[in-house]
Amino acid sequence: MVETAEPVAKPTMVMTEQLAWPTALAAQTQAIRTILSNAAVPVGVVDVAAAFVGRKTKKRLGSIESILETLVALGQAEVEDEGHFSVV
């Protein structure tokens, strides 16, 4: 009989307090950079969105994804496995 391994749960990002979503792009970028810096594990777009108060709309998720990709392009973040990001 073949035994299958139990799936190992990945650690998740733990936020003690949700942040307000900044209106200015520069402030959004800084907030997301700070979230990445404080995360103990690589985080995905949905994880970052969960750090902010308010609805997780397609527009907001798209903005977060664009900012994460910009941080990667600038060398301030890197893509880990399965679309998760971490700070460099």
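**Figure 1. Confidence along the predicted chain.** Mean pLDDT of this predicted model is 88. Of the chain's residues, 82% reach 70 or more. Residues 7–11 stay under 50. For that stretch the model has three contacts beyond four places in sequence. Where pLDDT is low, the predicted coordinates should not be read in detail.

**Figure 2. Overall layout of the chain.** The chain has three helices and two strands. Read from the N terminus, the order of elements is α-α-α-β-β. The chain has 88 residues, and 28% of them count as buried. Among contacts with a separation of 6 or more, 56% join residues 24 or more positions apart.

**Figure 3. The largest nonpolar core.** This core has 18 residues. Ile32, Leu36, Val48, Phe52, Ile64, Leu68 and Leu71 touch the most other members. Helices α1 (25–38), α2 (45–50) and α3 (58–73) each supply at least two residues of this core. In soluble globular proteins, nonpolar side chains tend to be buried together.

**Figure 4. Helix α1 and its buried side.** Helix α1 has 14 residues and reaches 20 Å from its first C-alpha to its last. That is close to the 20 Å expected at 1.5 Å a residue. Its buried residues are Gln28, Ala31, Ile32, Ile35 and Leu36. They cover an arc of only 140° around the axis, so they lie on the same side of α1. An α-helix has 3.6 residues a turn, so residues three or four places apart point the same way. The cover over the buried residues of α1 includes α2, α3, β1 and β2. Turned away from the buried side is a face with the exposed residues Ala26 and Asn38.

**Figure 5. Ile32 and its surroundings.** Ile32 is found in helix α1. Its relative accessibility is 0%, so Ile32 counts as buried. Leaving aside neighbours within four places in sequence, Ile32 is in contact with Trp21, Val48, Phe52, Ile64, Ile67, Leu68 and Leu71. Take one of these partners, Leu68. Ile32 and Leu68 are 36 residues apart along the chain, and their C-alpha atoms are separated by 7.7 Å.

**Figure 6. Leu36 and its contacts.** Leu36 is one of the buried residues of α1. Beyond neighbours within four places in sequence, its contacts are Val43, Leu68, Leu71, Ala77, Phe85, Ser86 and Val87. Leu36 is also among the core residues that touch the most other members.

**Figure 7. Gln28, a buried residue in α1.** Gln28 has its place in helix α1. At 9% relative accessibility, Gln28 counts as buried, because the cut-off is under 20%. Not counting residues up to four places away in sequence, Gln28 touches Trp21, Pro22, Thr23 and Ile67.

Figure 8. The 16 residues of α3 should span 22 Å at 1.5 Å a residue. The end C-alpha atoms are 22 Å apart, which agrees. Arg60, Ile64, Ile67, Leu68 and Leu71 are the buried residues of α3. They cover an arc of only 100° around the axis, which puts them on the same side of α3. The buried residues of α3 pack against α1, α2, β1 (77–79) and β2 (85–87). The face turned away from the buried side carries the exposed residues Lys58, Lys59 and Ala73. After α3 comes Gly75, with a positive phi near 80°.

**Figure 9. Ser86 in strand β2.** Ser86 is found in strand β2. With 14% relative accessibility, Ser86 counts as buried. The side chains of Ser86 and Glu80 are joined by a polar contact of 2.9 Å. Leaving aside neighbours within four places in sequence, Ser86 is in contact with Leu36, Pro42, Ala77, Glu78 and Glu80.

**Figure 10. Glu82 in the loop between β1 and β2.** Glu82 lies in the loop between these two strands. Its relative accessible area is 63%, so Glu82 is exposed. Phi of Glu82 is near 55°, a positive value in a residue other than glycine. Most residues other than glycine have a negative phi.

Key:
Residues numbered from 1 in each chain as written. Heavy atoms only, no water. Core = buried A, V, L, I, M, F, W, Y, C linked by side-chain atoms within 4.5 Å. Buried < 20%, exposed > 50% of the residue type's maximum accessible area, 1.4 Å probe, protein only. Helix = DSSP H or I, 4+ residues; strand = E, 2+ residues; numbered from the N terminus. Contact = heavy atoms within 4.5 Å. Expected span 1.5 Å × (residues − 1). Arc of directions from axis to C-beta. pLDDT = per-residue confidence, 0-100. Polar contact = N/O pair within 3.5 Å; in protein donor to acceptor, adjacent residues only side chain to side chain.
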